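Hello,

Here is the structure I promised to pass on to you. Have a look at it first, and then read on for what turned up in it.

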Amino acid sequence: MIVTRRWLEEFINLENISTQEIINTLNRIGQEVEGYKKYEIPENVVIGKVIECEKHPNADKLNVCKVDVGEEILQIVCGASNVVNAEYVVVSKVGAVLPGNFKIKKAKLRGVESHGMICAAREIGLPDFHEGIMIMDDSLGELKTGEYAGKYLNDEIIELGVTANRGDCFSIYGIARELSAGLNVDMKKPEFSYEELQEGIGRLVNVEKNEVKHSSHLLKAINGHLKSNLKIDLRLALCEIDYKNEQDKVVKYCIHATGVLLVLSNIGEVSFVSEKGIDKYITQNGEYIVGVKNSIELNENDSYIINANYIDPEYVSEIVFINALKTDEYFFRASRGSEPNLNFGINYFLNEAKLPVYSGSIDLSTETPSRYINLDIAAIKNIIGAEINDKEVVEILKKLGFEVEVLNEENMKIKVPSFRSDIKNIQDVAEEILRIYGIDKIDSKPLNFEETNRINEIMEFQEFLNRLKYKAVSQGFYEALHFIFDDKERLQKYGFEVVDEHLDLINPIVKELDTLRSTLLLQLLEDIARNKANGYKRVYLFTAGSVYNKNREESQKIAFVINGFEDYENPENHGKPKNVDFKTIVDKLSQIIGEFTLVENDFHPIAHPYQNAKIIQNGKSIGVVAKLHPKIAKDFDIDDTYFAEIELDKLQNVTKQASEINKFPKVTRDLSLVVDKNIPYKDIYEYIISLKICELKDFYPIDIYDLGENNSLTVRFVIQGEKTLTDSEINAIMEKILNQLESKGIKLR
Amino acid sequence: MDLSEISKVLNLEELEKIRVKLLGKNGIITQQFKELKNIAPEKKKEVAKELNELKEKAINLIAEKKKELEEKLLEEQLKKERIDVTQFVPKTTGAIHPITETMNKIIDFFTKMNFSVETGPLVEDDFHNFEALNLPKYHPARDMQDTFYFKDGSLLRTHTSPVQIRTMQKQKPPIRMISPGAVFRRDYDLTHTPMFHQVEGLVVDEAGKVSFANLKFILESFLIHIFGDVKVRFRPSFFPFTEPSAEVDISCIFCEGKGCRVCSQTGWLEVLGCGVVDPNVFKAVGYENVSGYAFGLGVERFAMLLHRINDLRSMYEGDIRLMEQFK
């Protein structure tokens, strides 16, 4: 919503009030100023009168003009074709400096001297709203040759972010009314004049049907060809208002000025019908669905009916929603609350139209019932949290157009002005008082409340997740964040679970984000590719977030990917660090989520089939760790990559219990075994564990090498007793282990 | 006897030789002790005394020298172990995402002020996301939030406010909560992403207790905690779920309020929306005789301001060029 200072001045006296003060006031009272621009015509740009215009002797497209600029008559060569019919124009005299540091100098054009330039609006810094040169008229004041053009054309625009509840502020008049309250300056009494014809409207306009039920209408008729003028053209351009044709310019101008919905049609029969709760105004030029959409196309006929109308904003919003009606800018205004003062809208239009008006009107307006609110003053003060004195409350409300009746010390009854459809309850009134009184004047006050233990599971989970994240960071991982969307086709292609069709998104933003993701991994793989392209040779990333199954049930996962160098390039590795491998991801992961064991995983959509493991922690399968299948790596244009994806709700945040520290010496013994390649270490582990030797504190593989059919596997055992163990006691333990293994066909090497 | 050769010794081996020469089994001093028996008794005592003094002196000199030589030897050894410490240029990697970091900072403030943290589903229904928040189906303010819908009529929440509705439905007042999390709007350009993060807050207590002035207090404290020494300005505004409503600005942290590109020459940066809870919201959850305030903020905006990040989209691409600046 754009307003101009000069347009505002039609309705309110802003003399001695700077535009900065206007901006500050608007911001203070809740009309957010989103932009400001000053249009100032350069010096030495004046009003000129073209007194002679002849073809240039040496150039078809140029004209040589004699232009009266007050104190002298200048010869100016002009290239615009519309100069031929021009009377008053804008002349940049020699010495003027136009925008873009364009200096006007005496010049010779094809042998003819030119002392200045006849200008277009854009050449003197105004919006570009016409062809050729700008033709001046007296719509912006009586023209005087030689006068500084800025006297007519200078203006300042303020762009406002009017909120959706304030339909009354979508007009110059509405903003002037706000300023009147904010600045405590009275509104001007608008003066309208037009020539009235003897002939009455009833003889020209026949109302065929009159069935409107939900809207008010006021019709007048005018005679003649409706034309725009410079003031209208310039202000529509300054306020960035679109229009369809010459007549529409005048209508849009008056709507923007007054906020009243105005509809123009040619003189003829009209009908008001109401179908399924939808009011329609039907003319011979087409129909207007009241407050919804105007499809009237004017014809060449030179007499018009102007219809000022109003419909309740909530009512029109509801019928549009229920009937899924197509809408245009009329609905934008109507649904937010247009100006209900139809007389004001009509009179403003007739004044601007400058055409004779048929006498009388067709008045189909119904008085909307006034809204009254009983105000408990103490409640207002409680909402705001400050002592505002009652007199001030009354003054503010009156300034805003409320009628106030003080009932007693605690209560008053107020009548809401008809243009404030948004004011319904005491809190709405509190807001009005607060914004005009000034939020700045309200002292901040701490709230007294009863302390309560508000720590809950959510907070504990978030802290747990944060600790995981910081551990991942200390292992060299960067945290990535992604949208929860993914490409359904891609998820399906790789065999990931997808949200069932009947539960999926209706209106995705792009195809690549057309469903909810079921894995965090694909987005991480894309990240790897991007970082590789940016020259990173070591990419460690993790992310945590929501994923969805086919029933669209939400769960939380955390995923890790590693690619490229295991370490950074340094003298120790001669600039050639080894690449990450399965051990790297397993080690990093256990540093982050704690110790776990791995078992072979049968299937994962994007895993290498033989480097693919389930992660087992506290006896539960919590996720997967694997090498990325080389085919998929190729799809993503990346090389060897390892990943892990873990279900967060399966990770346990347990309070660890300490046992007494064993002070006796620890002894280690190694066993080198010959093991069939098909026997996983997990089996050997289970064989030994099943012995339940309490002195065996730990054991783990320390060396594996290939013997052909078999592997040589060396396992280290850590033994510690509740006393210092003798050699024979230790040997007995080792014997027991060896016997168990031999019984399973595993021999000592 | 001349002990000065001890001081001239250059290494431990030579020193040992001298020690043997003087004090060894057949050393000069040892020999002289053996000679004592041949000395006349009247002189014996004096000679013995001199001899003992000499022996003691020799022992001390040797010990001193030994210590000196050992230290020298160690020093030489350590010198050989010298490394160029300046060649170690560790390359750290790993960083928390600035949005997570910022979110944590915001949550920390409010939990320390005795707010609870509540969460809710991202896939919501119309009632919790709109209807209960005084946004009936035909409300023009729904235009403000272009929504993702699912075929079964569910939607992706457009703000974290539905969590407030759910919390009020589950708990009794007083309520003092924040709801951090991801939200979704159908908007994708340089300054909008279809997913972003919010933290919203809600305080509910008995009627007449919670005022706009209380809201001012908590938000001023919060913004000064996050942004440091800034001015805070409240501008009246409109949200369907609060009344009175306000938008909150801080003085521009880039130009200190003088006016710059970031603040569009206004000297102010909009950072928050807030207000006194609209009675229709309480009605929707069946609360009676209560008062409350609510506020909401965009975490991306805070992160971008705090860390001077220009490009919103780079935050969602795991871009190490951005992330490595937060190591």
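What share of the contacts in chain B with a separation of 6 or more comes from residues 24 or more positions apart? The figure is 65%. Please keep in mind as you read that this is a predicted model.

Let me stay with chain B for a moment. Its secondary structure consists of 11 helices and nine strands. With 327 residues, chain B would have a radius of gyration of 20 Å under the globule rule, but the value is 41 Å, well over that, so the chain is more spread out than a compact globule. You can see this in the spans of the C-alpha trace along its principal axes, which are about 130 × 45 × 45 Å. As for burial, 41% of the 327 residues in chain B are buried.

Now to chain A, where the domain assignment lists the following:

- domain 1 (2–39 + 157–183)
- domain 2 (45–153)
- domain 3 (196–364)
- domain 4 (371–441)
- domain 5 (458–650)
- domain 6 (667–748)

The centres of domain 4 and domain 5 of chain A, again over C-alpha atoms, are separated by 58 Å.

Six bridges connect E16(A) with strand E21 (residues 303–311) of chain A, in an antiparallel arrangement. If you want a pair to look for, Val263(A) sits opposite Asn307(A) in E21(A).

Strand E35 (residues 641–647) of chain A is also worth a look. Six of its seven residues are buried, so E35(A) is largely enclosed by the rest of the structure. Strand E31 (residues 554–564) of chain A pairs with E35(A) over seven bridges in the antiparallel sense, and Lys557(A) faces Glu647(A) in E35(A). Strand E34 (residues 620–628) of chain A also pairs with E35(A) in the antiparallel sense, over five bridges. In E35(A), Phe643(A) is the residue opposite Ala626(A).

Finally, how do the chains meet? On the chain A side 80 residues are in contact with 70 residues of chain B. Several elements of chain A each supply at least two residues to the side that touches chain B, among them helix H7 (313–323), helix H12 (426–437), helix H13 (457–474) and strand E30 (538–548). H13(A) gives the most, with eight residues. By type, the residues on this side of chain A are 37 nonpolar, 23 polar and 20 charged.

Enjoy exploring!

Best wishes

Conventions:
Residues numbered from 1 in each chain as written. Chains lettered and ligands numbered in written order. Predicted model: local features only at pLDDT ≥ 70, side-chain atom pairs only at ≥ 80, totals over all residues. Contact = placed C-beta atoms within 7 Å. Helix = DSSP H or I, 4+ residues; strand = E, 2+ residues; numbered from the N terminus. Nonpolar A, V, L, I, M, F, W, Y, C, P; charged D, E, K, R; others polar. Pairing = 2+ DSSP bridges. Rg over C-alpha atoms; globule rule 2.2 N^0.38 Å. Buried ≥ 20, exposed ≤ 12 C-beta atoms within 10 Å, placed from the backbone. Domains from an automatic or database assignment.
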